[in-house]
Amino acid sequence: MKLLLVDDETFALRLLTHQLKKLGFEDVTSFDDPTAALALLEQDVHVADLILLDLQMPGIDGIEFIRHLARLRFHGGLLLVSGEDERILQTARRLAEAHRLQVRGAVHKPVTPAALSALLGNPDQRRAPTPVSGASIAELVVTPERIAQGIDAGEFINVYQPKVRLIDGVVTGVETLVRWQHPDYGIIAPAQFIGVAEEHGLIDRLTRVILVNALQQGRAWRMVGHEFHIAVNISMESLTRLDFPDFVADTVRAAGLPPHLMVLEVTESRLMRNPLAVLDVLTRIRLKHIGLSIDDFGTGHSSLAQLRDIPFDELKIDRRFVHLAHADSASRTILEASLGIARQLSMRSVAEGIELHADWELLRELGCDVAQGYFIARPMSPVAFDAWLPQWEARRETLRPPAP
């Protein structure tokens with residue numbers, strides 16, 4: 001894994017380099033001049049798998065640097081480092097995420113080895129996927145025609161991230177996420193193709209493929225004794241198709257699963273073009289006893305009005321209000337309010353973005369129902385999931401609350 005450090009303080013660079021090498025990260029390049037670091041990235045944006053970026057720098061500050069990373073379509077990880085106050089640090093993080101950069105975390109100076117270890121973990125587990133044919137991902141041009149071809153060829157695959165009950169750590173379900181297993185460029189993240197699929201009317205077709213595959217996997221797990229909730233993200237385009245509730249119900253029935261094990265996660269990332277059709281579809285889905293989750297609650301258009309108007313039975317709290325809420329009073333206040341709303345409306349609460357043990361402990365203390373995040377596991381293939389399960393069973397015993 002190749003690391004790039006950008007900080008105008010030479011001593012801070014030396015300290016970070018030393019700490020990273022003690023953690024096992026050997027390939028570390030540092031720059032005390034952000035302009036020089038940017039020039040290197042201009043030549044080859046894949047020169048680093050992870051960038052540790054200071055925010056307060058002369059010439060080009062961290063916010064400007066983030067803007068350039070977005071322009072260059074940097075697809076590696078980003079770790080923000082700053083001596084500024086927590087609100088500025090978290091605002092910078094949200095800005096980077098809005099640019100669709102893969103933010104690994106945000107830490108205060110002076111950075112401690114423990115903080116680095118918690119965010120980066122074992123270097124062998126943080127390697128970026130590599131192309132299978134030597135082709136550079138920078139050369140990939142995603143077109144609607146190529147996405148349609150990929151759908152027909154079965155190149156889009158599902159990965160699954162576990163969701164566990166906070167009270168005892170029992171695995172209750174999975175969120176289904178899609179990846180493009182490109183024959184030339186390897187595994188491609190959804191950020192590179194979902195937007196194109198939405199803009200060109202392909203997202204409903206792709207969603208149906210993902211849903212069918214997810215339910216088949218749910219059936220396989222149920223046959224060996226694992227009755228998991230299977231959650232699938234649904235686009236607004238699918239929710240304007242009046243045949244969609246019947247398609248979902250028929251697919252669930254064909255998989256031999258009880259309807260309540262199917263959960264559709266709805267994120268209203270754009271304004272509804274046909275709100276009456278959406279309300280029609282969502283109400284019919286609930287009449288078929290299929291679960292509805294309001295995803296990324298508190299962001300975009302996922303709001304209190306949606307909770308009033310649509311029969312959701314699960315509230316999924318966005319990661320930006322969960323991760324590091326133990327150290328951010330504003331995030332904690334929003335988190336507590338969201339959990340209170342879920343309880344008052346008799347909805348199951350799910351917190352995503354749990355990355356640290358402190359996140360886990362806070363959510364359990366606040367009475368959240370279900371947890372999801374890197375602290376538990378990353379999204380993985382069904383084979384990797386089956387191998388992970390017994391490991392989690394052993395680990396969850398260590399996470400049990402102490403006996404009163």
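# Rings, strands and charges: a quick tour

The charged end of Arg 395 sits over the ring of Phe 375, 4.5 Å from its centre; a charge counts as sitting over a ring if NZ of Lys or CZ of Arg is within 6 Å of the ring centre and within 35 degrees of the ring normal. Keep in mind that this is a predicted model, where local features need pLDDT of at least 70 and side-chain atom pairs count only at pLDDT 80 or more, while totals for chains, interfaces and linings use all residues. Residues are numbered from 1 along each chain as its sequence is written, and side-chain values use heavy atoms, with hydrogens and water left out. Helices (H or I, at least four residues) and strands (E, at least two) are DSSP runs, numbered from the N terminus.

**Aromatic rings**

- Searching the whole structure turns up 12 aromatic pairs; rings of Phe, Tyr and Trp (its six-membered ring) pair if their centres lie within 6.5 Å, and planes under 30 degrees apart count as stacked, over 60 as edge-to-face and the rest as tilted.
- One of them is Phe 228 with Phe 385: the centres are 5.8 Å apart and the planes stand at 70°, so this pair is edge-to-face.
- Phe 228 sits in the loop between helix H8 (203-223) and strand E9 (229-234), and Phe 385 sits in helix H14 (residues 382-396), so the pair ties together parts 157 residues apart in sequence.
- Phe 228 and Phe 385 are both buried, where buried means under 20% relative accessible area, exposed over 50% and partly exposed in between (1.4 Å probe, protein chains only).
- Trp 360 and Trp 392 are edge-to-face too, because their ring centres are 6.1 Å apart with the planes at 70°.
- With Trp 360 in helix H13 (residues 357-365) and Trp 392 in helix H14, this pair ties together parts that are 32 residues apart in sequence.
- Trp 360 is buried, and Trp 392 is as well.
- Both pairs belong to one aromatic cluster, made up of Tyr 160, Trp 221, Phe 228, Trp 360, Phe 375, Phe 385, Trp 388 and Trp 392.
- Phe 247 also has a charge over its ring: the charged end of Arg 208, 4.7 Å from the centre.

**Strands side by side**

- Strand E12 (residues 314-317) is covered on both faces: Glu 314 and Lys 316 on one side, and Leu 315 and Ile 317 on the other, are all buried.
- As background, side chains in a regular strand alternate between the two faces of the sheet.
- Strand E11 (residues 291-297) runs parallel to E12, joined by 3 bridges; two strands pair if DSSP finds at least two bridges between them.
- Here Ile 294 stands opposite Leu 315 in E12.
- E12 also pairs with strand E13 (residues 348-351), in the parallel sense over 4 bridges, and Glu 314 stands opposite Arg 348 in E13.
- Elsewhere, E7 and E9 make a parallel pairing over 4 bridges, with Gly 173 opposite His 229 in E9.
- E9 in turn runs parallel to strand E10 (residues 262-266), joined by 5 bridges, with Ile 230 opposite Met 262 in E10.

**Salt bridges**

- The count comes to 32 salt bridges, each a side-chain nitrogen of Lys or Arg within 4 Å of a carboxyl oxygen of Asp or Glu.
- Arg 71 and Glu 42 form one of these (2.4 Å, N to O).
- Their link spans 29 residues, from Arg 71 in helix H3 (residues 62-71) to Glu 42 in helix H2 (residues 34-43).
- Arg 71 is partly exposed at 47% relative accessible area, and Glu 42 is partly exposed at 42%.
- Arg 205 and Asp 152 meet in another salt bridge (2.2 Å, N to O).
- Arg 205 is in helix H8 and Asp 152 in helix H6 (residues 144-152), so the pair ties together parts 53 residues apart in sequence.
- Arg 205 counts as partly exposed at 34% relative accessibility, while Asp 152 counts as exposed at 60%.

**A buried arginine**

- Arg 179 belongs to strand E7 (residues 171-182).
- Arg 179 is buried yet lacks a salt bridge, and the nearest side chain of opposite charge, Glu 175, is 8.8 Å away; Lys and Arg count as positive and Asp and Glu as negative, with His and the chain ends not counted.
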